[in-house]
Amino acid sequence: MEEADRILIHSLRQAGTAVPPEVQTLRAFTTELVVEAVVRCLRVINPAVGSSLSPLLPLAMSARFRLAMSLAQACMDLGYPLELGYQNFLYPSEPDLRDLLLFLAERLPTDASTDADQPAGDSAILLRAIGSQIRDQLALPWVPPLLRTPKLQHLQGSAPQKSFHASRLVLPELSSKGELREFQASSLLLPAPTQVSQPASRVASLLECHAIQLCQHMGQDHPGDKDWVHGASRLPTQEDTRSHQQRLQKHLAEHLRQTWGQPGPPQQARDLGELLQAWGSGTRTGAPKGSRFTHSEKFTFHLEPEAQEAQGSDVPATSRWSEQDTLAAQEQELEALWEQLEGVNRNIEEVEANMKTLRIGLVQVETKCRQSELSMADREQALRLKSRAVELLPDGAANLAKLQLVVESSAQRVIHLAGQWEKHRVPLLSEYRNLRKLQDCRELESSRRLAEIQELHQSVRAAAEEARRKEELYKQLMSELETLPKDVSRLAYTQRILEIVGNIRKQKEEITKILSDTKELQKEINSLSGKLDRTFAVTDELVFKDAKKDDAVRKAYKYLAALHENCSQLIQTIEDTGTIMREVRDLEEQIETEMGKKTLSNLEKIQEDYRALRQENAGLLGRVREI
């Protein structure tokens with residue numbers, strides 16, 4: 001057991017348990033060391049369970065009992081087959097402790113190829129816990145912050161629910177010579193992070209400033225619109241929307257002014273339909289065909305003769321108009337055009353709806369027409385048959401005889417065709433049956449070969465899996481070999497193993513020899529007992545015959561009976577002595593086992609813990625009374 005204890009203690013040290021060097025067997029384990037060993041093993045086996053348990057034994061008895069019950073429950077959850085309670089940790093016995101630690105040592109990870117380079121102890125446990133957390137987080141898909149459950153918020157974090165607010169940053173700019181400007185190179189210009197008062201807005205401000213710089217760098221795509229550079233890289237605000245509306249109104253007013261000239265009173269304005277009709281009629285005149293740019297230029301800058309005359313005659317009048325009246329007229333005209341455009345859009349939508357309805361109706365009518373044509377063809381066929389029958393009615397007898405002749409000839413023809421078909425059918429059927437048998441044989445052969453191929457594939461996969469397993473085992477053994485101390489020679493371990501095997505072989509031979517001697521002795525005892533019984537029976541019979549005639553023989557018979565009875569008692573006493581000696585040996589082994597369980601020391605500990613628990617209860621009762 002000492003060798004097994006040393007191996008088990010070595011495994012516990014690799015799991016991170018601080019076992020003192022003087023502890024060489026499980027008999028020397030204390031309660032604190034047992035608790036630490038079990039907690040360290042649980043942390044390596046299942047970090048989620050072991051991280052919540054403390055390897056240090058608390059001072060309070062109630063906390064000790066809770067910790068021991070938690071350890072027992074954790075071991076039972078791992079599948080410990082034997083009965084387990086708090087007493088196995090607070091008052092451990094050597095056999096139960098050995099079974100428990102062997103169970104936990106078997107559950108320890110054996111993949112040394114991944115853990116060979118990791119240090120043992122608390123750092124290794126921390127690294128394993130971090131790795132498991134990272135693997136759990138990587139296994140979960142990314143979810144937007146607003147859709148995360150509390151568990152996902154714990155794993156992936158919860159983003160701050162704040163609006164995107166940016167502030168203007170003043171950054172150093174280079175002049176044409178590549179030098180900083182005078183005021184920007186001084187200490188008056190604050191760093192970019194300190195220019196934003198709110199820490200939550202710093203990232204947004206930096207992102208917007210960077211976007212503006214990118215837009216300025218790409219400003220050659222919009223050389224005529226400088227506002228685009230400043231407006232394209234940030235979120236639209238109400239002022240930006242209002243400025244865009246004003247700019248659009250200004251462009252529309254300028255377009256209308258160039259197209260229609262100086263606007264007059266509202267009643268002289270033309271609607272959108274007339275404008276499109278006039279532009280379309282102008283493009284269909286005898287003027288040469290131009291490009292799209294030419295038409296748009298004519299539509300934009302060409303003035304009709306009536307408009308030019310009105311413009312020339314109303315120059316004095318329009319000059320008296322104020323700027324406000326001009327804007328009001330333009331707005332009214334723009335509103336009228338928008339209303340007309342909305343009306344045209346509504347008309348177009350109504351026409352499209354009517355067209356959809358008409359298309360559906362057209363499809364239905366076409367379907368009905370096709371059905372009517374099919375029914376008409378059927379009726380025409382029936383009508384032709386009936387008309388043919390009506391034509392044959394006047395000469396019914398002759399036509400009936402002709403029909404009978406046609407039927408008979410058709411029957412003879414059918415019989416003749418059936419005979420010919422039978423002549424062709426017999427060889428074809430035999431050929432079909434032969435081909436069917438051949439096909440069945442081929443299918444059986446193919447299925448057999450397919451089964452053989454599948455078995456071969458399975459054997460190949462099994463061989464590959466076995467090779468992979470052996471390769472992993474080889475790597476694991478090589479890594480374990482590398483971790484072993486180099487100063488210990490393999491010959492010493494081999495010699496020691498051979499000595500152990502030799503001792504076991506000798507013990508086995510001695511046990512076999514003892515068993516054979518015991519069997520021979522038992523046979524000899526049985527034969528002697530039988531011989532003794534037979535000899536006594538014969539002697540008793542002979543002496544008993546002579547005892548009736550002679551007194552000396554009668555006394556000899558009495559002495560013979562007493563001798564036989566005393567010998568029987570002596571044999572029984574020897575057998576009882578052997579039984580008692582066996583019982584004594586069994587009791588001595590039980591005493592050694594009980595001594596190994598530390599029953600007396602555990603009883604003393606239980607009494608001490610009981611007194612400490614009573615003191616704690618008394619202190620708690622005193623506090624309750626004081627409250």
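Let's start where helix 1 and helix 6 meet: their axes come within 11 Å and cross at roughly 50 degrees. Axes here are lines fitted to C-alpha atoms, for helices over the stretch in contact, and angles run from 0 to 180 degrees between N-to-C directions. That angle makes helix 1 oblique to helix 6. On this scale, angles under 35 degrees count as roughly parallel, over 145 as roughly antiparallel, 65 to 115 as roughly perpendicular, and the rest as oblique. The crossing of helix 1 and helix 6 is left-handed, a word used if the near helix is turned anticlockwise from the far one by less than a right angle, with clockwise being right-handed. Which residues make the contact? On helix 1 they are Asp 5, Leu 8 and Leu 12, and on helix 6 they are Glu 94, Arg 98, Leu 101, Leu 102 and Ala 105. Contact means heavy atoms within 4.5 Å.

A quick word on where this comes from. This is a predicted model, in which local features need pLDDT of at least 70 and side-chain atom pairs count only at pLDDT 80 or more, while totals for chains, interfaces and linings use all residues. Residues are numbered from 1 along each chain as its sequence is written, and side-chain values use heavy atoms, with hydrogens and water left out.

Now the whole chain. The secondary structure comes to 21 helices and zero strands; helices (H or I, at least four residues) and strands (E, at least two) are DSSP runs, numbered from the N terminus. Of the 627 residues, 17% count as buried. Buried means under 20% relative accessible area, exposed means over 50%, and partly exposed is in between, with a 1.4 Å probe and protein chains only. Among contacts with a separation of 6 or more, 53% join residues 24 or more positions apart.

Next, please find helix 2. How many of its 15 residues are buried? The count is 13, and helix 2 is mostly covered. Its end C-alpha atoms are 21 Å apart, which agrees with the 21 Å that 15 residues should span at 1.5 Å a residue. The expected span is 1.5 Å times one less than the number of residues.

Helix 2 packs against helix 6 at an angle of about 20 degrees, with the axes 9 Å apart. The two are therefore roughly parallel to each other, and the crossing is left-handed. In this pairing, Val 34, Ala 37, Val 38, Cys 41, Leu 42 and Ile 45 of helix 2 meet Leu 97, Leu 100, Leu 101, Leu 104 and Arg 107 of helix 6.

Helix 2 also packs with helix 4, at about 45 degrees and with the axes 11 Å apart. That makes helix 2 oblique to helix 4, and this crossing is left-handed too. Val 35, Val 38, Val 39 and Leu 42 of helix 2 touch Leu 67, Leu 71, Ala 74 and Cys 75 of helix 4. The buried residues of helix 4 include Leu 67, Ala 68, Leu 71 and Cys 75. Just after helix 4, Gly 79 takes a positive phi of about 105 degrees.

What sits among these helices? The largest nonpolar core has 36 residues, and Phe 29, Val 38, Leu 71, Phe 89, Leu 100, Leu 101 and Leu 104 touch the most other members. Helices 1, 2, 4, 5 and 6 each give two or more residues to this core, and helix 2 gives the largest share, nine residues. A nonpolar core is a set of buried Ala, Val, Leu, Ile, Met, Phe, Trp, Tyr and Cys residues joined through side-chain atoms within 4.5 Å. In soluble globular proteins, nonpolar side chains tend to be buried together. Have a look at Phe 89: leaving out residues up to four places away in sequence, its contacts include Val 34, Val 38, Leu 71 and Leu 100.

Finally, two stops further along. Pro 141 lies in the loop between helix 8 and helix 9 and is exposed, with a relative accessible area of 57%. Then comes helix 17, residues 323-392, whose end C-alpha atoms are 102 Å apart, in agreement with the 104 Å that its 70 residues should span. Its buried residues include Thr 326, Leu 334 and Gly 343.
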